[in-house]
Structures are given as C-alpha cells and as structure tokens.
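Hi everyone, thanks for making time for this. Please bring the sequence and the structure up on your screens, and we can walk through them together.

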Amino acid sequence: MNIFVIMISSMLVSNVVLSQFLGICPFLGVSKKVETAAGMGAAVTFVITLASAITYPIYYFILEPLDLAYLETIAFILIIAALVQFVEMVLKKFMPPLYESLGVFLPLITTNCAVLGVAINNITNGCNFIESVLTGLFTALGFLVAIVILAAIRERIEYNDVPNSFKGTPIVLVTASLMAIAFCGFAGLV
Amino acid sequence: MNTCVERLKNGIITENPTFVMMLGMCPTLAVTSSAMNGLGMGLTTTAVLILSNAFISLLRKVIPDKVRIPAFIVVVASFVTIIQLLLQAFIPALNSALGVYIPLIVVNCIILGRAEAYASKNPVIPSIFDGLGMGLGFTVGLTLIGICREVLGGGAIFGVQFIPEDFHITFFVLAPGAFLVLAFLTAAQNKLKMPSATNVAGGDSSMACGGNCAQCTGASCVANKGIIEAERVAAKAAKAQAAKEAAAKAKAAKEAAAAKAAEKKED
C-alpha cells in the first residue's frame with residue numbers, strides 16, 4: 001500500500017470523527033475556539049502516532065508469541081495511559097514551551113477512544129509497522145482537520161441568530177452532520 | 001430495598017446517561033444504525049457495568065486512593081475482554097456488527113464515571129443496582145435512537161420492514177444521519193425544557209474540557225476537578241471579601257456622615 005493511499009483513506013475517506021465516530025467527546029467539547037482545538041488536535045496527533053508505534057511491537061513481539069493475543073485490550077489501554085503520563089513528564093522536563101501549549105490536553109487523551117480505536121484497528125487490519133505508524137499519523141491529522149474546521153465554524157455561529165431550542169449542543173451536532181455530508185464526498189477517491 | 005429501586009429510577013430516568021448526561025457519545029452515534037445493534041450494544045455495556053460496579057465496590061477498601069483510576073481501568077478492561085470472548089463464542093453476528101466498539105467499551109466514560117462516582121463509595125448491592133439502572137438507561141437511549149434511524153432510513157423496526165423501499169431516506173442510516181438525529185432529539189429536549197446536559201447552568205469555565213463536572217465524571221476530569229473546585233472556592237472567597245469591603249465602606253461612610261452631622265450640630 002503506498003503512502004498516498006493511506007493518507008487519503010485514513011485522513012479523508014474514513015475520517016476518524018466524521019465517519020468512524022471515534023473521539024466524539026473532545027470533538028464536541030474542545031471545539032469552542034480555534035486555538036484550543038488546534039492544541040487538542042496537535043496533542044492527539046502526537047499521542048496517536050506514538051501509541052501506534054509502541055503497540056505494534058508489544059502485540060507482535062510479546063503478546064502473540066506468548067499466545068496472549070486476547071489480552072490486547074487490557075495491554076493497550078495500560079500502555080496508552082502510561083504513555084500519556086510519560087509524554088506529559090518528558091514534555092514538562094525537556095520542552096516547557098510545548099508543555100505549556102499541550103499540557104492541559106494530555107490528561108484528556110487517555111480516555112479518548114480514537115487512540116485505542118486506531119491501535120486496535122491497526123492490529124485487526126494486519127498492517128505492518130510502517131503502515132501502522134502512517135495510519136496513526138494520518139488518522140490523527142484527520143482528527144486535527146475535523147476539529148479545527150468545526151471550531152472555526154462554531155466561532156462564526158456565535159454571531160448568528162440560532163433558534164432558541166437549537167442553541168448549544170444541537171447546532172454543533174447539525175454542523176457536524178453537514179461536515180460529515182461534505183466528507184462523504186471523498187468516498188470515491190480510493 | 002428502597003435504595004435499589006431509587007438507583008434503578010435514577011439510572012433510567014433522572015440521570016439517563018444518553019439523554020440527560022450526554023455521556024458515551026461515541027457508541028451512541030456509531031452503532032445505532034439499527035434498533036437491534038443499539039439494543040445489543042446497550043446490553044453489552046450493561047453487563048460490563050454491573051460486573052465492574054460489583055467488583056470495584058467489593059475492592060473499594062483495598063484499592064489505595066492514589067492508584068484507583070488505573071486500578072478501575074484494569075478491572076473494566078478485564079470484564080470487557082471476558083464479555084468480548086463470550087460474544088465471539090455465542091453471538092458472533094452481534095460481535096461482527098459491533099466490531100471495534102466492543103473493546104472500546106473500556107474507554108466509555110459512563111463505566112469509569114459510575115466506578116468513580118458511586119461504586120467506589122457504596123456497598124455491593126446498591127452498586128449492582130446502580131450499574132443495572134445506568135446500563136438500562138443507556139440501552140433505552142441507544143434503542144430509541146436506533147429505532148428513529150431505522151424507521152427513517154430503512155423503513156423497519158428490529159428488521160421488520162413496513163415502509164416500501166422507494167420511501168427510504170438512506171441518509172439516516174449513514175454517518176451524517178447519526179449527528180442529525182441526535183441534534184434534533186437534543187433540540188426537542190431543549191424545547192420541552194427537559195433536564196439535559198445541554199441546558200443547565202454552569203460549564204462556562206475557561207478549562208479545556210468546559211469545566212462542567214456535574215455532567216462529566218470521566219477519569220480525565222479527576223485532575224481538573226480539583227482545579228475547578230479551587231477556582232470556585234477562590235471566587236467565593238473573593239466575593240465574600242468584596243462584600244465585606246463594601247460593608248466596611250458603607251459603615252465608614254455612615255460614620256463619616258454621622259460625624260459630619262454631629263459637627264454641624266456642634267456648630
């Protein structure tokens with residue numbers, strides 16, 4: 001599979017939020033401002049890419065040889081939780097400016113189902129190491145694109161006259177629905 | 001016995017996880033393309049919820065406070081794995097229909113939320129009923145959304161077709177339809193002024209998560225909860241201080257006025 005196909009298919013065609021419904025909570029919750037949305041997207045990109053790189057050797061070099069493949073859910077969630085903690089500590093110690101901008105989002109990511117979802121999907125689809133990392137990276141970039149677009153639209157909706165009963169979550173969901181329709185247009189690309 | 005009935009009612013109606021708390025949105029949107037899938041997902045989650053609540057409640061005095069979240073995650077993940085293996089063995093059709101969303105029950109915030117908010121503080125029997133109530137509430141929510149989407153998109157309920165194929169609106173079974181159905185359901189809730197996470201006061205903190213902790217008991221928010229609590233206490237203290245100062249000022253002004261009046265009198 002070439003890089004371009006992986007990029008188009010995991011970023012646009014089967015967008016992680018708009019067609020797979022993973023990571024809906026941050027998508028709806030952290031999309032009030034473009035800057036925070038971009039920060040969340042960047043943090044998610046970082047963690048998903050790292051997580052798909054780490055879960056691959058864990059599965060194929062530890063779980064599978066020992067016939068423990070059924071433990072993947074437990075192993076992966078623990079790895080992701082530990083990874084998030086570790087990334088937080090490393091950033092705090094060595095890259096304070098990056099920590100300042102991404103730090104608040106890191107604890108939110110452990111329970112982001114996109115991270116675990118991508119890790120499990122990689123194993124189910126039988127991707128090799130390079131494909132796993134690339135799928136992780138581009139899926140996360142798809143999340144970044146979707147959440148930034150939604151945040152930009154929400155910033156403009158602030159000034160619009162939304163019907164009373166649609167204020168708050170309903171109008172955000174309608175927006176997400178329209179975005180999902182737009183992303184359906186990519187379906188024929190790959 | 002009363003607490004048990006109360007827990008059931010609380011889960012199904014008062015704090016319904018789908019419609020009132022708006023928790024666990026990922027499975028709510030993803031697997032509700034038909035009523036049957038919604039029901040299956042709801043019941044699977046209910047089973048995990050009851051088992052994890054019971055187990056965590058049993059262990060509540062053993063688990064040290066500092067490592068409780070990782071401990072809860074391990075317990076929940078174990079039960080999810082057990083349920084997944086059971087589904088693979090006995091209901092393979094449901095297992096393949098729900099796919100990756102079964103292992104993702106681990107990160108469903110309803111389960112960790114109930115563990116943190118109820119099971120870790122209460123005895124076993126009420127915790128089991130709390131899990132049962134919440135699970136049934138979630139099942140009812142998912143099934144209702146599933147019925148809406150199946151009727152509009154497939155002209156059927158639980159696979160029984162009653163609208164001819166020419167009148168199906170396939171849009172509702174696809175991804176965008178999920179968002180739209182949920183949007184209209186929450187809008188209806190707002191219109192009817194029913195309790196819902198979307199129309200209560202609060203949730204206007206500057207925190208990244210919105211700071212609406214009444215609705216969110218997920219593991220991620222435990223760290224933020226303290227910060228928000230502190231913010232609230234500080235705000236309260238500042239308010240009290242301001243009130244005190246204002247009172248002092250008013251008192252001083254009164255005294256000054258009285259002194260002036262006294263001076264005038266002396267003149």
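The accessible surface of chain B comes to about 13300 Å², and 68% of that surface belongs to carbon and sulfur atoms. Such areas come from the Shrake-Rupley method with a 1.4 Å probe, and for residues only the protein chains shown count as cover. For chain A, the accessible surface is about 8500 Å², with 69% belonging to carbon and sulfur atoms.

Before going on, a word on what you are looking at. This is a predicted model, in which local features need pLDDT of at least 70 and side-chain atom pairs count only at pLDDT 80 or more, while totals for chains, interfaces and linings use all residues. Residues are numbered from 1 along each chain as its sequence is written, chains are lettered from A and ligands numbered from 1 in the order in which they are written, and side-chain values use heavy atoms, with hydrogens and water left out.

Let's stay with chain B. Of its 267 residues, 47% count as buried; buried means under 20% relative accessible area, exposed means over 50%, and partly exposed is in between, with a 1.4 Å probe and protein chains only. Chain B has nine helices and two strands. Helices (H or I, at least four residues) and strands (E, at least two) are DSSP runs, numbered from the N terminus. Starting at the N terminus, the order in chain B is α-α-α-α-α-α-α-β-β-α-α. Among contacts in chain B with a separation of 6 or more, 69% are between residues 24 or more positions apart, where contact means heavy atoms within 4.5 Å.

Please find B:F158, in the loop between β1 (156-157) and β2 (160-161) of chain B. Its phi is near 50°, a positive value in a residue other than glycine. B:F158 counts as partly exposed, at 37% relative accessibility.

Now for the charged side chains.

Take B:R7, which is buried with a relative accessible area of 10%. One partner of B:R7 is B:E6, with the closest N and O atoms 3.6 Å apart. B:E6 is partly exposed, at a relative accessible area of 41%. B:R7 also forms a salt bridge with B:D130, and there the closest N and O atoms are 2.9 Å apart. B:R7 lies in helix α1 (residues 2-14) of chain B and B:D130 in helix α7 (residues 124-154) of chain B, so the pair ties together parts that are 123 residues apart in sequence.

Is B:D130 buried or exposed? It counts as buried, at 0% relative accessibility. B:D130 forms a salt bridge with B:R114 too, the closest N and O atoms being 3.1 Å apart. Since B:R114 lies in helix α6 (residues 109-119) of chain B and B:D130 in helix α7 of chain B, this pair ties together parts that are 16 residues apart in sequence. Salt bridges that share partners join B:E6, B:R7, B:E15, B:R114 and B:D130 into one network.

Next, a residue that takes us over to the other chain. B:Q84 sits in helix α4 (residues 68-90) of chain B and is buried, with a relative accessible area of 14%. Which residues is B:Q84 in contact with, leaving aside its neighbours within four places in sequence? They are A:T73, B:N95, B:I102 and B:P103.

That brings us to chain A, which has nine helices and zero strands. The radius of gyration of chain A is 17 Å, close to the 16 Å that the globule rule gives for 190 residues, so chain A is as compact as a globular protein of that length. The radius is taken over C-alpha atoms, and the rule is 2.2 Å times the number of residues to the power 0.38. Of the 190 residues of chain A, 52% count as buried.

A:D67 is in the loop between α3 (34-63) and α4 of chain A, and it counts as exposed at 63% relative accessibility. A:K93 lies in helix α4 (residues 72-94) of chain A and is exposed, with a relative accessible area of 64%.

Terms used:
A salt bridge is a side-chain nitrogen of Lys or Arg within 4 Å of a carboxyl oxygen of Asp or Glu.
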